[in-house]
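Subject: Structure for your review

Dear colleague,

Please find below the structure that I am handing over to you.

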Amino acid sequence: MELTTAIFDMDGLIIDSEPLWYEAAVEVMNEFNISIDQEAYNTTTGLRTKEFLHYWFSMHNINLGEIDYYEKKITDIVISKVNECGTTMDGVHHALQLIKDHGIKIGLASSSPMVLIETVLSKTGLMDVFTITTSAEHLPYGKPHPQVYLDCAQSLGSEPTSCFCLEDSFNGMLASKSARMKCIVVPHPSQFNEGRWQAADLSLNSLTMLTSKHLADLNK
């Protein structure tokens, strides 16, 4: 089936927010005298904040009843940091324009809450670029479950098999492939050579590298 629809992830792909999420997570977990190094944090990239907290709270026997409070606290910290110092990832405008020039519909599907999605799109000047934006905030499951991608495709009037996703995280890649969509993955440079990205249809060092040939090859 011809690919007619592109669905973008947000954190770490459109905006360089993963370091901000890490800083917020470290700040909150320090309240419990829990240290999270970057490598351990990377295993939870792409999860919703609620699931991130459930993972760490369960591991350290912290009251799970406090998750909602700390979920909001982390989100508020990240929103503040995005407004203060959030920067657009390299190649975002190039990729969006290239895809638009090919007449492909463009949506966004993120694990982040809608309030953060709106903050990021306002900060990056991309508020009017995406026809549809979907959040996994209120879904039963977030990524790597495919529902947020399936919801975005449905809202765009597209069959999942006519979509390709652009992701930076392993959990996001799993979500897109579970949705039966093609996947372009743009991992953090420190993770690019990891074998796990072989499940993607295309791996790029940066969105600046995306070409018309890549889009044509995805249709093969």
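The notes that follow concern aromatic rings and cysteines.

Please bear in mind that this is a predicted model.

Aromatic rings

A pair of aromatic rings is described by the distance of the centres and the angle of the planes. A search of the whole structure finds ten aromatic pairs. In one of them, the ring centres of phenylalanine 32 and tyrosine 70 are 5.2 Å apart and the planes stand at 65°, so this pair is edge-to-face. Phenylalanine 32 belongs to the loop between helix H1 (18-30) and helix H2 (38-42), while tyrosine 70 belongs to helix H4 (residues 67-85); the pair therefore ties together parts that are 38 residues apart in sequence. Phenylalanine 32 is partly exposed, at 23% relative accessible area, whereas tyrosine 70 is buried, at 8%.

Tyrosine 55 and tryptophan 56 also form an edge-to-face pair, because their planes meet at 85° and their centres lie 5.3 Å apart. Tyrosine 55 is partly exposed, with 38% relative accessibility, and tryptophan 56 is buried, with 5%. Both residues belong to one aromatic cluster, together with Tyr22, Tyr41 and Phe52.

Cysteines

A disulfide is a covalent bond between the sulfur atoms of two cysteines. The structure holds zero disulfides. For cysteine 165, the nearest cysteine sulfur is that of cysteine 183, at 6.1 Å. Cysteine 165 is buried, with a relative accessible area of 0%, whereas cysteine 85 is partly exposed, at 44%.

Yours sincerely

Technical notes. Residues are numbered from 1 along each chain as its sequence is written. This is a predicted model: local features need pLDDT of at least 70, side-chain atom pairs count only at pLDDT 80 or more; totals for chains, interfaces and linings use all residues. Side-chain values use heavy atoms; hydrogens and water are left out. Rings of Phe, Tyr and Trp (its six-membered ring) pair if their centres lie within 6.5 Å; planes under 30 degrees apart count as stacked, over 60 as edge-to-face and the rest as tilted. Helices (H or I, at least four residues) and strands (E, at least two) are DSSP runs, numbered from the N terminus. Buried means under 20% relative accessible area, exposed over 50%, partly exposed in between (1.4 Å probe, protein chains only). A disulfide is a pair of cysteine sulfur atoms within 2.5 Å.
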